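Subject: Structure handover

Hello,

Here is the structure we spoke about, with the sequence. My notes on what was found in it follow below.

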Amino acid sequence: MPDYEARGSGALATSPWVLWCFRGTMALSCFLMTIAAPWLRAPSTAHLASSIPPFDVTPDKTLLLLPLGQLQERDVDFIARAIEARTGVHVEILPPRALPAGVFDFPSSSYDANAVLDWLFLTRQPGEWRTLALTRDALSTYDTDHLYGLANLREGVAVVSLHGFLDGLRDADPMRRAAAQDQIGRIAFHELVHTLGVEHCPAKGCLMSGITDKSQIHPGTRTCERCIHAIQDTLSTPRTPWLEVIARGDGFYRRGLYGQALGAYRRASAAMAPTEADRPAGPSHAALSDAISSDALPSHAAPSDAPPSDASPSDAPPSDRRPDSDRRFDSDASGRRSVVDRAEVENRIGAALFSLDRVAEAERHVRRAIALDPALSAAHFNMALILAYAGEEAEALHTLDRSLDLEPDRLTRHELTARFHLAAIDDPGNALLALRRYRDAGGDDPDLLGALIALQSANFIVFEPSEVEIIEGHLRP
Ligand SMILES: [Zn+2]
Ligand SMILES: [Zn+2]
């Protein structure tokens with residue numbers, strides 16, 4: 001499930017903030033100093049209107065700015081400088097590239113923004129930090145036309161459209177031109193911040209709240225303190241290559257590219273496991289750099305059943321043959337964390353193998369994940385799928401219950417239940433019940449909602465206990 005900003009992922013929270021304050025007769029002079037003055041400067045200094053404090057950025061982060069199609073050099077240049085001024089992140093401008101014809105949506109005469117993000121993810125080079133694409137064409141999604149931008153919260157890619165600002169950017173009036181540049185700079189910042197995993201902010205007037213009209217963005221638009229802290233946390237934390245390899249694998253997995261996902265998960269496992277077991281201080285930078293630089297690019301956009309050529313020939317990384325020695329990490333916090341991380345990776349390897357119909361191998365990895373972290377709900381769930389596949393339905397249902405007991409999030413519990421009854425055992429009644437609970441709890445996965453519609457149109461009638469009571473209540477005199 002790609003977590004584009006429109007779809008969201010999980011929960012990041014809330015708080016009220018004071019944004020702006022004009023006082024009495026000072027209002028006009030404040031306005032002139034803080035708002036009008038920056039607009040009066042040359043366009044290239046429009047970013048000085050920013051109220052965002054400079055961030056501490058570790059030197060391992062470079063934003064790649066990718067012009068798509070024909071863009072004026074000065075437009076790309078001012079956006080690069082605006083991002084650098086607002087964030088402190090170094091920006092590298094890539095040579096322009098043309099968008100593939102397949103991402104053009106003819107009914108809306110615009111590019112499909114989700115397809116653009118897919119293309120960016122699949123064509124980006126291993127080890128890249130973040131990529132922000134710029135286009136002068138209109139962008140749309142299935143439910144929104146004329147998007148200013150779209151970002152993926154977990155895959156490090158975003159796109160910004162200059163389409164709605166071209167008149168302003170070409171205006172003869174330098175103030176209007178500077179205002180348009182300022183707005184684009186803020187939108188580019190907004191989308192870049194999404195790629196740091198920051199969702200839309202509920203604080204009124206925050207630059208990270210959902211932008212539905214460009215009039216929301218002006219030189220007085222601030223970023224609230226909570227968002228600033230979230231941005232600072234990410235920018236000041238050094239990158240973790242093996243986590244990025246896992247995120248890349250997850251991107252492949254979500255797209256059904258299980259062979260490439262498996263390759264990424266194995267590389268992450270090989271990079272993290274031996275060094276953590278042998279050297280508690282952490283994996284060597286050389287090993288990690290090697291892990292990401294060997295990441296293979298997908299050669300096509302269809303699922304690959306072949307194991308990746310650079311996958312480890314051994315099914316089990318060295319540390320997997322001595323699970324007892326890992327237990328010593330349980331006694332300290334960082335060690336516990338590394339065991340939990342390794343369980344996550346083992347579970348992912350199991351999931352990818354299972355999706356490739358390599359069930360026996362999958363089971364070994366999933367069992368290893370459970371041994372490393374018995375509280376890992378997802379691993380128990382995968383074990384339930386494997387047991388159901390083997391025809392051991394009673395044991396599968398028992399394992400599913402264990403998985404649900406360990407899962408704290410209600411929506412995820414409904415999702416797991418629905419997926420199990422849909423895919424593992426043929427139980428449309430229970431699947432429908434779980435899907436309705438999933439939808440009512442706010443679930444928005446298009447595949448699951450599509451399955452719900454299909455089951456409903458197949459005339460499965462399922463009453464929940466509460467519905468039966470309501471019906472009885474109506475029937476009573
Ligand atoms: Zn947004
Ligand atoms: Zn905010």
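To begin with one pair of helices: helix 13 and helix 14 cross in a left-handed sense. The model is a predicted one, and everything here is computed from it. Helix 13 covers residues 377–389 and helix 14 covers residues 393–406; the two pack at an angle of about 165°, their axes 8 Å apart. Helix 13 is therefore roughly antiparallel to helix 14, since an angle over 145 degrees counts as such. On the helix 13 side the contact involves Ser377, His380, Phe381, Met383, Ala384, Leu387 and Ala388. They meet Glu393, Glu395, Ala396, Thr399, Leu400, Arg402, Ser403 and Leu406 of helix 14. By type, the residues of this contact are eight nonpolar, four polar and three charged.

Helix 13 also packs against helix 12 (residues 359–372), at an angle of about 150° and with the axes 9 Å apart. That angle makes helix 12 roughly antiparallel to helix 13. The crossing of this pair is left-handed. Helix 12 contributes Val359, Ala362, Glu363, Val366, Ala369 and Ile370, while helix 13 contributes Ala379, His380, Asn382, Met383, Ile386 and Tyr389. Here the division is nine nonpolar, two polar and one charged.

Some totals for the chain. It has 477 residues, of which 41% count as buried, and it contains 18 helices and eight strands. Taking contacts between residues at least 6 apart in sequence, 66% join residues at least 24 apart.

In soluble globular proteins, nonpolar side chains tend to be buried together. The largest nonpolar core in this model has 54 residues, and Ile79, Ile83, Val159 and Ala188 touch the most other members. Two or more residues each come from strand 1 (62–67), helix 2 (73–87), helix 3, strand 5, strand 7, strand 8, helix 5 (174–195) and helix 6 (225–236). Helix 5 gives the most, with nine residues. What does isoleucine 79 contact, leaving aside its neighbours within four places in sequence? The contacts are Leu65, Leu134, Ile184, Gly185 and Ala188.

Leucine 132 is a residue to look at in strand 5. Why does leucine 132 count as buried? The reason is that leucine 132 has 25 C-beta neighbours inside 10 Å, and the cut-off for buried is 20 or more. With neighbours within four places in sequence set aside, leucine 132 is in contact with Leu63, Leu65, Ala158, Val160, Ala188, Glu191 and Leu192. Valine 159 is 27 residues from leucine 132 in sequence, yet their C-alpha atoms are 5.5 Å apart.

Last, helix 3 (residues 113–123). This helix is mostly covered, with eight of its eleven residues buried. Those buried are Ala113, Asn114, Val116, Leu117, Asp118, Trp119, Leu120 and Phe121. They pack against strand 4 (110–112), strand 5 (130–135), strand 6 (139–140), strand 7 (149–151), strand 8 (157–161) and helix 7 (241–254).

Regards

How values were computed
Residues are numbered from 1 along each chain as its sequence is written. Chains are lettered from A and ligands numbered from 1 in the order in which they are written. This is a predicted model: local features need pLDDT of at least 70, side-chain atom pairs count only at pLDDT 80 or more; totals for chains, interfaces and linings use all residues. A residue is buried if 20 or more other C-beta atoms lie within 10 Å of its own, exposed if 12 or fewer, and partly exposed in between; C-beta atoms are placed from the backbone. Helices (H or I, at least four residues) and strands (E, at least two) are DSSP runs, numbered from the N terminus. Two residues are in contact if their C-beta atoms, placed from the backbone, lie within 7 Å. A nonpolar core is a set of buried Ala, Val, Leu, Ile, Met, Phe, Trp, Tyr and Cys residues joined through C-beta atoms within 7 Å. Axes are lines fitted to C-alpha atoms, for helices over the stretch in contact, and angles run from 0 to 180 degrees between N-to-C directions. Angles under 35 degrees count as roughly parallel, over 145 as roughly antiparallel, 65 to 115 as roughly perpendicular and the rest as oblique. A crossing is left-handed if the near helix is turned anticlockwise from the far one by less than a right angle, and right-handed if clockwise. Ala, Val, Leu, Ile, Met, Phe, Trp, Tyr, Cys and Pro count as nonpolar, Asp, Glu, Lys and Arg as charged, and the others, Gly among them, as polar.
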